[in-house]
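Here's a quick briefing to read alongside the structure. Have a look at the fold first, then work through the points below.

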Amino acid sequence: MPSDALFAPGEARLLATAPGLLNSIFEDLNQYPNATILIGSHTDDQMEPTQSLTLAFQQANALRAYLSGNLPDHRWVAIGYGQGRPSPTMALLLYANAIAA
């Protein structure tokens, strides 16, 4: 899920519209009871790397808190990648820009 649908830029508190989006995945997740689910959050390079890592971890934990409150039988792992490991979409954009240059 894109982070801008869940968080305001630079924030780790879920937007008021986020629960509606997150609730839409409960049915799918319930097909895998007792699963361990990894929540990874990525950020861009618009802030210092340490700030970026902290924000990404806070966002992943915010998602874990919401999801675990609604799906307690699952195990949740929250990881903040920050800007050190770009999301697949960002990696494709970076690759495309490098080729175009």
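**A ring pair and a crossover**

Let's start with Phe26: at 13% relative accessibility it counts as buried (that means under 20% relative accessible area, with a 1.4 Å probe and protein chains only). Keep in mind that this is a predicted model, where local features need pLDDT of at least 70, side-chain atom pairs count only at pLDDT 80 or more, and totals for chains, interfaces and linings use all residues. Residues are numbered from 1 along each chain as its sequence is written, and side-chain values use heavy atoms, with hydrogens and water left out.

**The aromatic pair**
- Searching the whole structure turns up one aromatic pair (ring centres within 6.5 Å).
- The rings of Phe26 and Tyr66 have centres 6.3 Å apart and planes at 15°, so they're stacked (planes under 30 degrees apart).
- Phe26 sits in helix α2 (residues 26-29) and Tyr66 in helix α3 (residues 49-70), 40 residues apart; helices here are DSSP runs of H or I with at least four residues, and strands are E runs of at least two.

**Around Tyr66**
- Beyond its neighbours within four places in sequence, Tyr66 is in contact with Leu14, Pro19, Leu22, Asn23 and Phe26 (heavy atoms within 4.5 Å).

- Strands β1 (residues 36-42) and β2 (residues 75-82) run parallel, joined by seven bridges; strands pair if DSSP finds at least two bridges between them.
- From β1 the chain goes through α3 to β2, a right-handed β-α-β crossover (clockwise from the first strand over the helix to the second, with the strands pointing away from the viewer).
- His42 has Gly82 as its bridge partner in β2.

Methods
Rings of Phe, Tyr and Trp (its six-membered ring) pair if their centres lie within 6.5 Å; planes under 30 degrees apart count as stacked, over 60 as edge-to-face and the rest as tilted. Buried means under 20% relative accessible area, exposed over 50%, partly exposed in between (1.4 Å probe, protein chains only).
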